[in-house]
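Here are my notes on the two ligand sites. Please read them with the model open.

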Amino acid sequence: MSDKYDVIVIGSGPAGYVAAIRAAQLGLKTACIEKWKDKKGAGVNGGTCLNVGCIPSKALLDSSHKYHAAKDDYQSHGIATGEVTIDVPAMIARKEKIVKQMSGGIAGLFKSNKVTSLYGSGKLLAGRQVELTDNDGNVSILDAENVILASGSVPVDIPVAPVDGDVIIDSTGALELTEVPERLGVIGAGVIGLELGSVWGRLGSKVVCLEALDSFLANMDQQIAKETRKILTKQGLDIRTSCRVTGSEVKGKEVEVTFTDADGNEQKETFDKLIVCVGRRPYTEGLLAGDSGVNLDERGFIYVNDLCSTSAPGVWAIGDVVRGPMLAHKGSEEGVMVAERIAGQKPLVNYDIIPSVIYTHPEVAAVGRTEEQIKADGEEYNVGVFPFVAIGRAVAADEAEGMVKMIADAKTDRVLGCHIVGPNAADLVQQVALAMEFGTTAEDIGMTVFGHPTFSEAVKEAALAVNGHAIHMPNRKRRK
Ligand code: FAD
Ligand code: AMP
């Protein structure tokens with residue numbers, strides 16, 4: 001068999017593996033190169049998402065939620081338990097089993113779709129050649145009609161809190177702790193910081209999140225951000241905005257963190273563990289030969305157009321290594337688009353309708369534009385807000401915190417955005433994403449029959465509230 005492929009994908013995270021599978025489905029001879037190794041040194045697929053991101057974080061999220069519920073919530077249901085304890089190594093072992101199962105699943109999908117899976121490091125040379133250095137150090141050159149770069153991202157380091165893998169850790173380290181830290185510091189109250197902070201908070205850590213920006217969740221709809229902060233604070237998360245970390249000193253088994261507070265005063269806090277969650281950066285180390293023809297932008301992302309073409313003909317780039325939200329599903333959709341374009345089809349990714357979720361409890365989820373963005377765009381709009389406390393299913397489940405906020409164009413009633421904090425927000429927002437994809441109006445959603453009693457009735461009621469027709473609460477604006 002020759003080493004010439006129709007498509008070589010470098011990276012098997014959710015962007016790369018999906019691109020490889022779709023390309024192979026379309027009859028293209030496809031290989032996917034992955035350099036990630038498990039703890040025993042064997043090659044594994046799945047990238048950040050499956051190994052140290054989406055999946056393991058959700059495994060811990062569910063374990064910690066069950067622990068917290070058994071400890072604090074069951075009593076009100078009349079359920080008595082003995083003393084509730086947490087075996088952290090057992091929880092971590094369960095997470096690792098799930099990771100293994102999911103990444104093994106990709107190997108199975110590659111096999112059934114006839115994707116050639118190659119373990120090692122890939123480097124793009126000029127003329128769509130790829131140099132493969134396998135995990136034993138053997139070097140070979142592969143030729144391809146098309147190369148898809150999907151090398152992903154890594155956590156950002158900050159010199160004021162260098163990760164030592166022991167006391168100061170990054171998100172990967174926070175998924176591997178073997179005991180619950182008594183005092184846990186988190187730098188960055190963004191998506192990952194809040195998720196990991198609340199996992200360990202539920203298990204008993206006293207968590208302080210230090211966030212440099214003045215506003216909390218600055219890119220989210222601020223009404224929802226405010227409500228989220230209220231809920232998380234009530235749960236015990238100590239969220240401090242306008243607090244920029246300026247230094248840290250590890251002293252034995254603890255770390256003293258220095259930061260400036262909202263008034264510009266210097267403050268100090270001591271933690272048993274400090275998680276640095278200040279964002280992620282594109283990863284292109286060793287990926288590109290000097291003459292590959294692929295350009296990076298000023299922030300280090302691979303430069304691509306809307307169709308994910310790089311500046312080198314026949315070379316594409318997708319996922320976290322290119323512009324846009326660093327989300328698994330965004331990368332996967334780009335992977336499908338590129339594979340189909342290579343096969344001669346003409347799909348596009350709708351970058352305006354990409355749902356995003358923060359997996360705290362309750363979840364926070366959004367799709368479309370925020371009220372702040374719509375206002376800044378100078379558009380007229382109507383807003384409908386509906387609280388979960390007026391939803392029977394939410395009250396019955398003791399999950400009645402939060403709200404659904406829907407925003408629609410004032411003239412056309414087209415839904416422009418939906419923002420939710422509350423039970424099952426991630427799945428609820430997906431209903432609106434689907435509706436928005438079909439250009440729906442708030443009235444369309446309001447006229448749809450929703451099952452009763454469901455959490456999703458809050459979506460229907462928020463849509464009705466846009467035009468002053470909500471049934472289960474007084475309407476702010478009444479229209480006939
Ligand atoms: P990656 O998943 O980073 O994969 C890139 C792969 O390329 C890696 O396996 C890497 O080893 C490989 N690679 C790089 N260079 C080479 C090379 N030269 N040769 C061979 N292989 C190479 N997103 C969500 O949408 N939902 C979530 O709930 C969510 N939770 C997260 C939780 C945490 C803690 C973290 C850290 C991230 C989370 N994310 C989440 C983000 C998500 O993981 C990323 O957006 C996603 O993994 C990006 O996919 P990707 O394929 O572009 O890159
Ligand atoms: P995200 O990009 O969602 O992962 O969030 C990362 C957060 O970290 C952002 O909100 C940043 O403002 C915050 N951040 C970055 N540097 C610092 C710092 N030195 N101190 C506190 N917060 C920071």
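1. Start with ligand 2. A backbone N or O atom of Val191 lies 3.4 Å from an oxygen atom of this ligand. That counts as a polar contact (a pair of N or O atoms within 3.5 Å; within protein, one must be able to donate a hydrogen and the other to accept it, and residues adjacent in sequence count only if both atoms are side-chain atoms). Glu211 places a polar side-chain atom 2.6 Å from an oxygen atom of ligand 2. Ala212 has a backbone N or O atom 3.1 Å from a nitrogen atom of ligand 2. The protein covers 74% of the 510 Å² of accessible area that ligand 2 has on its own (Shrake-Rupley method, 1.4 Å probe; for residues, only the protein chains shown count as cover).

2. A caution on method. This is a predicted model: local features need pLDDT of at least 70, side-chain atom pairs count only at pLDDT 80 or more, and totals for chains, interfaces and linings use all residues. Residues are numbered from 1 along each chain as its sequence is written, chains are lettered from A and ligands numbered from 1 in the order in which they are written, and side-chain values use heavy atoms, with hydrogens and water left out.

3. Now ligand 1. The side chain of Glu34 has an N or O atom 2.6 Å from an oxygen atom of ligand 1. A backbone N or O atom of Ala328 lies 2.9 Å from an oxygen atom of this ligand. For a polar backbone atom of Ala150, the distance to an oxygen atom of ligand 1 is 3.4 Å. The protein covers 95% of the 1,000 Å² of accessible area that ligand 1 has on its own.
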